[in-house]
Amino acid sequence: MALMKSLGNVATWSTMRRGGVTVQLRDRYLAHGFLYRVRRGVYCAHGVDPSVRDAAAHGGALTCVSLLQAAGIWVLHPARQVHVWLGKGGRAFEHTGCRCVVHYSSGRPAPGKVDVALALIHLHHCQGDEAFICSYESAWNQGLLTAADRERIRAALPKNARWLLDFAVSTSQSGIETLPRLRLRPYGFKVASQFKAGRDEVDIIVDDCVLVEADGDENHSGPSKRHKDLRRDARTSIEGYETLRFDYRQIIYDWPTVVAAIMAAVERARARR
Ligand SMILES: [Zn+2]
Ligand SMILES: [Zn+2]
């Protein structure tokens, strides 16, 4: 059914009726198994994303980390449960296998997915500053946030979190680039991102002397990429920089070692000046 497809394969009966679906047609689709009821007045068609279906069964729309993940946005803590927006004081419904995380905030959800901006607002509430800024920068980098979206997020965030929006850049491709910048702030280093060292662009430069490269698995695997990285490290060394490379697991699970390595490199560079 083209109408259901255009609605993300989930809709309320009133939306379907407004779209021209008659009771007879609906019942025929139900009888043939093309359509099924997830709860009273809400129907899904085949091909519906299972997390969208569960959110609809629960009484709301898919949001927060679940929505961001489905949209291909980088997330720090991947969703183990379905995150659902129920609106303000919306009613929750029981359904099989329910382990949903529920978000209440003003508005009236239609079954389906919330937009990226609202999902980010919910994410900040749910998982805090670090998870928020990683996904925010990833969404911005992918062109999924307009200026109006960014203003809307700024207005919705608590006042003490709005500095994150001033800190954010659109050039960060993943949280692996975002996190070191964020976590180096309290140390008082001068930190800049997307810095030009000779002909090479580097992720982060600390104290004008130490280059920090965050290697995401997908971008830096394979011998040809490794060769490119090594050539680049040689060039930037000639320019007078020291390069430190860290991968996902180091940045996420062993930050103390990462920051100790950066501090030691900065000390060495200061001693040479
Ligand atoms: Zn549920
Ligand atoms: Zn959440």
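**Exercise 1. Work out which way the side chains of β10 point, and whether they are buried or exposed.**

Start with the two faces. Val210, Val212 and Ala214 point one way from β10, while Leu211, Glu213 and Asp215 point the other way.

Next, check burial, where buried means under 20% relative accessible area, exposed over 50%, and partly exposed in between (1.4 Å probe, protein chains only). Six of the six residues of strand β10 (residues 210-215) are buried, so β10 is largely enclosed by the rest of the structure. Strands here are DSSP runs (E, at least two residues), as are helices (H or I, at least four), both numbered from the N terminus.

A word on the model before going on: it is predicted, so local features need pLDDT of at least 70 and side-chain atom pairs count only at pLDDT 80 or more, whereas totals for chains, interfaces and linings use all residues. Residues are numbered from 1 along each chain as its sequence is written, chains are lettered from A and ligands numbered from 1 in the order in which they are written, and side-chain values use heavy atoms, with hydrogens and water left out.

**Exercise 2. Find the strands that pair with β10, and say whether each pairing is parallel or antiparallel.**

Two strands pair if DSSP finds at least two bridges between them. Take β9 (residues 200-206) to begin with: three bridges join β9 to β10, and the two run antiparallel. Ile205 stands opposite Leu211 in β10.

Now go to β11 (residues 242-247). β10 and β11 pair in the parallel sense, over six bridges. Here Ala214 has Phe246 in β11 as its bridge partner.

**Exercise 3. Identify the protein donors of the zinc ion (ligand 2) and explain why the arrangement is tetrahedral.**

Donors are N, O and S atoms within 2.8 Å of the metal (3.2 Å for Na, K and Ca); water is not among the atoms, so sites may look incomplete. For this zinc ion the protein donors are Cys64 (SG), His83 (ND1), His103 (NE2) and Cys126 (SG), at 2.1 to 2.4 Å.

Now the geometry. Four donors count as tetrahedral if all angles lie between 85 and 135 degrees; four count as square planar and six as octahedral if opposite donors are over 155 degrees apart and all others between 65 and 115, and anything else is irregular. The four donor atoms around the zinc ion subtend angles of 106 to 113 degrees, which makes the arrangement tetrahedral.

Finally, trace the donors along the chain: their spacing is C-x18-H-x19-H-x22-C. One pair links distant parts of the chain, with His103 in strand β6 (residues 101-103) and Cys126 in helix α6 (residues 116-141), 23 residues apart. His103 counts as buried at 5% relative accessibility, and Cys126 counts as partly exposed at 33%.

**Exercise 4. Give the strand order of the three-stranded open sheet, and say which strands stand at its edges.**

The order is β1-β3-β2, with antiparallel pairing. β1 (10-12) and β2 (35-39) stand at the edges, each with a single partner strand, so one side of each is left without a neighbour in the sheet.

Zoom in on one pairing: β2 and β3 (residues 42-45) are joined by four bridges. Arg37 stands opposite Tyr43 in β3.
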